[in-house]
Amino acid sequence: MRLSIIIPIREKSKKLDSCIYSIKKHTEDYELIIVEGERGYNAKINEGIKLAKGNYLIFLHDDHQVCKDWANNLTEVGSFRYGELGDKFDHWGAKNGQYL
């Protein structure tokens with residue numbers, strides 16, 4: 001599996017339905033991980049990371065919609081191995097509270 005797409009949510013919504021529809025329409029070779037609950041955003045992201053089996057991790061909000069070639073463009077521009085940045089993300093784009 002190439003991509004693990006992680007979407008943390010509080011509750012299912014119409015925005016999420018549109019997001020999933022766009023992923024199905026414009027993405028191949030992926031798993032979709034939706035983490036729901038009352039836990040904080042960072043806890044949901046970390047839970048999604050633990051469940052992921054793909055070569056690339058992609059984080060989306062439920063109000064995002066993707067377009068043609070979106071995943072190829074992201075994976076070509078920049079990627080890193082999970083272990084290279086540490087094993088816990090505390091903020092979007094940050095490690096252990098420090099912005100990268």
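Modeller: Helices (H or I, at least four residues) and strands (E, at least two) are DSSP runs, numbered from the N terminus. The model is predicted, so that local features need pLDDT of at least 70 and side-chain atom pairs count only at pLDDT 80 or more, while totals for chains, interfaces and linings use all residues. Residues are numbered from 1 along each chain as its sequence is written, and side-chain values use heavy atoms, with hydrogens and water left out.

Colleague: Which backbone oxygen does the side chain of Ser22 reach?

Modeller: A polar contact is a pair of N or O atoms within 3.5 Å; within protein, one must be able to donate a hydrogen and the other to accept it, and residues adjacent in sequence count only if both atoms are side-chain atoms. At 2.8 Å, the side chain of Ser22 reaches the backbone oxygen of Cys19.

Colleague: With which residues is Ser22 in contact, leaving aside its neighbours within four places in sequence?

Modeller: Contact here means heavy atoms within 4.5 Å. With neighbours within four places in sequence set aside, the residues touching Ser22 are His64, Gln65 and Val66.

Colleague: How many disulfides does the structure hold?

Modeller: A disulfide is taken as a pair of cysteine sulfur atoms within 2.5 Å. Cys19 is buried at a relative accessible area of 0%, whereas Cys67 is partly exposed at 49%. The number of disulfides in the structure is zero.

Colleague: To which strand do seven bridges join β1?

Modeller: Two strands pair if DSSP finds at least two bridges between them. Strand β1 covers residues 3-9, and its partner over seven bridges runs parallel to it. Ile6 has Ile33 as its bridge partner in β2, and Ile7 has Ile34. The strand joined to β1 by seven bridges is therefore β2.

Colleague: Which residues make up the uncovered face of β2?

Modeller: In a regular strand the side chains alternate between the two faces of the sheet. In β2 (residues 30-36), the covered face holds Glu31, Ile33 and Val35. The uncovered face consists of Tyr30, Leu32, Ile34 and Glu36.

Colleague: What is the handedness of the β-α-β unit that β1, α1 and β2 make?

Modeller: A crossover is right-handed if, with the strands pointing away from the viewer, the path from the first strand over the helix to the second runs clockwise. For the unit made by β1, α1 and β2, the handedness is right-handed.

Colleague: How many residues of β1 are buried?

Modeller: One side of β1 carries Leu3, Ile5, Ile7 and Ile9, the other Ser4, Ile6 and Pro8, and both faces are covered. Strand β1 is largely enclosed by the rest of the structure, because the buried residues number seven of the seven.

Colleague: Which residue of β3 stands opposite Ser4?

Modeller: Strand β3 (residues 56-59) pairs with β1 in the parallel sense over four bridges. Within β3, the residue opposite Ser4 is Leu57.

Colleague: Which residue forms a salt bridge with Asp17?

Modeller: A salt bridge requires a side-chain nitrogen of Lys or Arg within 4 Å of a carboxyl oxygen of Asp or Glu. The structure holds one, with its closest N and O atoms 2.4 Å apart.

Colleague: What separation do the C-alpha atoms of Leu3 and Asp29 have?

Modeller: Leu3 belongs to β1, and Asp29 is found in the loop between α1 and β2. Asp29 is partly exposed at 45%, whereas Leu3 is buried at 0%. The two residues are 26 apart along the chain, and their C-alpha atoms are separated by 6.5 Å.

Colleague: What is the phi of Asp69?

Modeller: Most residues other than glycine have a negative phi, and most peptide bonds are trans. Asp29 has a positive phi near 55°. Asp69, in the loop between β3 and α3 (70-77), also has a positive phi, near 65°.

Technical notes: Buried means under 20% relative accessible area, exposed over 50%, partly exposed in between (1.4 Å probe, protein chains only).
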